[in-house]
Every structure is written in structure tokens, then in C-alpha cells.
Amino acid sequence: MRVQFERFYAYEELEQTLATWAGTFSALCQVESIGRSFEGREIPLVTVTNLGSGAASEKPAMLVHAQIHAAEFTGTTAALNLLDWLLHGYGEDERITHVLDTRAFYVIPRVNPDGPEAVLADGRWRRSSLRPYPREEPEDGLHREDVDGDGRVLMMRMRDRNGHWKAHPDDSRLLIARRADDVDGEFFRVFPEGAIKNWDGVNVKIAPVFEGLDLNRNWPADWAPEGEQAGAGPYPGSEPETRALIQAIVDRPNIAGYLGYHTFSGVHLRPYSARSDDDYPTADLRAYQLMGEEATRLTGYPAISIFHDFKYHPKQVIRGGDIDWLYDFLGVFAWVTEFWSPQRAAGLSGYHAIDWIRDHPPEDDLALLKLADELGEGYVDWYPFEHPQLGPVELGGWDLVRFWFNPPFSRLEEELRPHRDFALFLALTSPLLDVRSFESSAVGDGAYRLRLVLENTGWLPTSVTQKAIERMAVRPIEVSLELPEGARVASGKEREEIGQLEGRAEERSLLWWGLDHSTSDRAQVEWVVEASAGTRIGVVARHERAGTVRAELVV
Ligand SMILES: [Zn+2]
């Protein structure tokens, strides 16, 4: 079974796909549930690694999750595409084989399984999960709804002499803002397609969304209540889906990298959401920037800070997001991928991802309409409909779910392809503990000196970040000797903590003499043991984020 690009995954097909892969690739892949959603659906987590070279928990891991937001189906397809590529590529592709021999992936293809089912059922865009919030009953006003039952929720326009919109002179499908000196002509008022609860016959107000939660504002970092951050929920981690994901992360201290799949904008996002880059430890910002450069090289998407380049409002910061918690509390480099930029696909460039949505010239809309025409979907020409409350209206405009929040199916595979390589690259940035040598020499009557040399062969330091050290979020390397009956340690500690090892991430230009080109990626531990000749002695070195390694020798 291969990943499908010509439809959105419903929950049932997603479950069947994962079960089939777990059965087919039993040496590489395991599926478990991390909890249940608001409506009681299991939230599956897929572990992918070569089980023959060690358990996932003993390897550095990359966590990838998708579709925490209900309409962002592309994320689930991207997560499945990554799984498909890793599973089918093992033993065929050298890089995939290497990464699965040495690292693990935890993939949660759909964090929020309820929201997408509802969107598939009625075509209505929803932000996130389905629990009514902050009110239990829908409020008065216009609620988005598929009023003509065609499976899409578009826009409604009606002729109105005081309307704010008029047809574009070159393409009457497109509505543009009416100017102050537009006094004559045909004007339109525009509402979302929907029905009005308790209408007074005159005023139309857009009702607040009934399912008002946003699971990606419900995290315990910079969390703020509803009045300051819409969708945040009553307290951090209040929602079952968020809580399940938080617990899954805490239960897996080997997570050394993190990537959330979203749509849209065609960008890679990194923390902070609410603070300037000046607040980073220098080494962490540098590593983030280098990862971002590689992301852009692979995918063509710019890599940007949410605070500096992705705020929805110039005076408001985003609160309670997952990657801020991952970086600022756990000290793990965490990324968001926002797949798909319709603007870039339409040939626009040099625009600001967020500001553009608020305000852009009509020529941009014409370019986007041209793209929709070429693709054969995305924009619906206005057609008459007799609205039960408003009378004659026209339905039409952008199909949010099919054009903006997801690439059209014909573009999906091509859009997702380079992102597999970025996930693999991120996995390979992790630290990786290895044994350089483990040797013994006789020092007299039944006594042996043992020397273990460990090294970090990964790119990042074993702590992953400076922030992890600051937050005390990571433990040092622990080394334990394993002595059989009759052998004993005469000098040294049977269990020893040896701190952290550096990686290569700080190395820049060979000419820069401010760098430490020492063997700070290496450490040794020595013991004197008393044992009879021929005794087998083992050693285990463990680090939460850099993996567990073993060695043995015979004295
Ligand atoms: Zn999203």
C-alpha cells in the first residue's frame, strides 16, 4: 500500500494504512495510541526505526506530527508520505538505511482526528478540535454552513447599494474594494456562506465560531486566556489531544528534534512566537539559522521566526504554541512547516506571508484566479441561490479548504517531495553517542586497567541546545560497568556521570581562531578492576538524547 495523493485521508483509511504498514514492515514500524480525542478516537503514533539495531528509546528521535488543525489535510498526507518513503526506502536508499539504523522517527499523522472528519463531512472549514468553546451553545448571528448542500462552504454576495465591493473591470468574478469616489454602479455585500441564528431581519453579524478552540494555542508556553489569545482553552493542556501529545513527548526523552506539519504559506517557522531573536543563546540561534538555510535549500521555502516575520497582527504575539514549549522548556529545536503558497504558485514574489492576506493589489488576485483556472479548481464563479433568510443571493468565490488551506491534488505530491529530505536532515543533526574504544591492560596480580573512550558523532552537542542546559532539561551521560560475579572495581566508580559532549554545529570557518577545535566531542572513563583472567566485562553508556551504546571485552 502506498500513500495516496488524489484525495484527503479520512480517519478510517488512515488507520487502515498504518495497520497495513505495521504488518508489512514489522522489523521497522510499530503503531500505538497516545490517547483519545474529544469524540473518543484513538490518536495513533508510529515508531519507525531498524529494531534490529536497537530499540527506538535507545536512539535519538525526531518527532513529526500533523493536522493539529482540522482543515490542514496536507499535513497528514505529508506525514504518511514521510512514512512511506522511510519504510520503502530502507535497504534501498543509503541515507534512509543509515538514519533508521542510528535514529528513530515518531510520527503522529493526525493529532486531532475529530476536526478533519467534520470538515470532510460538510466541507466547512474549522480551526481545530470539535469541543464547543468558549460557549456550549451556538451564539446568535451568521454561522458558516453549506446552505445549498454542494459539499462546499463558499461566499455569498448580494447586490446592495451600500455594498463595499464591486466587480473587477477585467474579470467580473473577482470582487475588489469600492473606492471613496465610486458613487455609481453595481455594488455587492459579501458574507460567508451560511445561515443566521435568531435573525432580526435587518442586521447580520458573523457569529463567533462554535468550535472555537485552537489546540496549538493550548500549550504551556506563554499561554494566555481567551481574551488575549483566542482558542487557548481554559488552561494549558486542557484539551485531550494536546495533553496526549504533551505526555507522548515527556514519555520520550530521546526526542532530539521536532517538526509540526501545517498549512499554508510555504514557509518554515521557528520560535520564538513572542520574543525577539536577541533572547536566544548565541549557539542556539546560530544552529537554528543553519538548519533554516538547509531547509530553504531543500524546499525553496523561506525559514523565518514567528515573532519577526509571521505575526497575524503587528501588535499581537501568538501565545501557547507547541514549538515554543519544545524549545524554551525542553531545549529541543522545534520547527513548523506551513506547506503550500498559492501566491508563490501563481508567480507572486516578495510578499509578506501574513500582511498580504490583509491587503494586496487586485493584480495579485487576477494571477491567483489564473492559477485556479489552470488547475481547474479553487475558485467558483458566482451562481444564483435562493437563500431561505436573505432571499436571492449568489454563491461563489474561493474554496478555502481546497485551494488555500491545501494544494490542489494535482500539485500535492510535487509539493511534498522535498520535505522528506528535510525531515531526514533534521534527524541527522541530532547528537549520537558512540564507543571509540574500550580496552584493558594488566596492571599486576589479577588487576586490570580499563579505559572507555566515548564520542559524540552527531552534529549537535549531546544536550542538543544551550537552552536545555539552562533549563536543566537534559541529564549528563551515564556510564555503568557491568561486572560478573567475582569481579570488583578497585578504583573508579561503577556508575559515573560524565557531563555532555560537544558536536560539530559550532564549527564554522577553518580560519576563525576563536573556535575550539579540540576534542570536546570526546571523553574517557578509567577503572581498575580485579577479576580472573578470561572474565567478560561490559559497559553501557546512556544519554537521553544521544542514545545508548554498549561494549564489552575479555580481560
Ligand atoms: Zn496549522
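Which residue lies over the face of tyrosine 106? Arginine 252 does, at 5.3 Å from the ring centre. A charge sits over a ring if NZ of Lys or CZ of Arg is within 6 Å of the ring centre and within 35 degrees of the ring normal.

## Model and overall build

This is a predicted model: local features need pLDDT of at least 70, side-chain atom pairs count only at pLDDT 80 or more, and totals for chains, interfaces and linings use all residues. Residues are numbered from 1 along each chain as its sequence is written, and side-chain values use heavy atoms, with hydrogens and water left out.

The chain has 14 helices and 24 strands. Helices (H or I, at least four residues) and strands (E, at least two) are DSSP runs, numbered from the N terminus. Along the principal axes, the C-alpha atoms fill a box of roughly 105 × 50 × 45 Å. Of the 555 residues, 56% count as buried. Buried means under 20% relative accessible area, exposed over 50%, and partly exposed in between (1.4 Å probe, protein chains only). Among contacts with a separation of 6 or more, 74% come from residues 24 or more positions apart. Contact means heavy atoms within 4.5 Å.

## Zinc site

The zinc ion is coordinated by His69 (ND1), Glu72 (OE), Glu72 (OE) and His262 (ND1), at 2.0 to 2.5 Å. Donors are N, O and S atoms within 2.8 Å of the metal (3.2 Å for Na, K and Ca); water is not among the atoms, so sites may look incomplete. In sequence, the donor residues follow the spacing H-x2-E-x189-H. Histidine 69 and glutamate 72 are both buried.

The arrangement is irregular because the four donor atoms subtend angles of 55 to 154 degrees. Four donors count as tetrahedral if all angles lie between 85 and 135 degrees; four count as square planar and six as octahedral if opposite donors are over 155 degrees apart and all others between 65 and 115; anything else is irregular.

## Aromatic pairs

The whole structure holds 23 aromatic pairs. Rings of Phe, Tyr and Trp (its six-membered ring) pair if their centres lie within 6.5 Å; planes under 30 degrees apart count as stacked, over 60 as edge-to-face and the rest as tilted. One of the pairs is tyrosine 288 with tyrosine 327, tilted, at 5.8 Å centre to centre and 55 degrees between the planes. Tyrosine 288 lies in helix H6 (residues 282-299) and tyrosine 327 in helix H8 (residues 322-328), so the pair ties together parts that are 39 residues apart in sequence.

Tryptophan 398 and tryptophan 404 pair edge-to-face, 5.5 Å centre to centre and 80 degrees between the planes. Tryptophan 398 is buried at 13% relative accessibility. Tryptophan 404 is buried too, at 7%. Ring pairs link Trp125, Phe264, Trp340, Trp356, Tyr379, Trp398, Phe403, Trp404 and Phe405 into a cluster. Elsewhere, the charged end of lysine 311 sits over the ring of phenylalanine 307, 3.9 Å from its centre.

## Asparagine 254

Asparagine 254 is in the loop between helix H5 (240-250) and strand S11 (255-263). With a relative accessible area of 2%, asparagine 254 is buried. A polar atom of its side chain lies 2.9 Å from the backbone oxygen of alanine 56. A polar contact of 3.0 Å joins the side chains of asparagine 254 and tyrosine 106. A polar contact is a pair of N or O atoms within 3.5 Å; within protein, one must be able to donate a hydrogen and the other to accept it, and residues adjacent in sequence count only if both atoms are side-chain atoms. Beyond neighbours within four places in sequence, asparagine 254 contacts several residues, including Lys59, Pro60, Glu544 and Arg545.

## Helix H3

Helix H3 (residues 94-102) has Ile96, Thr97, Val99, Leu100 and Thr102 as its buried residues. They pack against strand S2 (42-48), helix H2 (73-89), strand S4 (104-108) and helix H13 (409-428). At the start of H3, a side-chain oxygen of aspartate 93 reaches to within 2.8 Å of the backbone nitrogen of arginine 95.

## Backbone features

The peptide bond from tyrosine 133 to proline 134 is cis, with omega near 0 degrees. The bond from threonine 263 to phenylalanine 264 is also cis, with omega near -15 degrees.

Asparagine 198, not a glycine, has a positive phi near 55 degrees. Asparagine 198 counts as exposed, at 58% relative accessibility. Methionine 472 has a positive phi of about 50 degrees, and counts as exposed at 74% relative accessibility.
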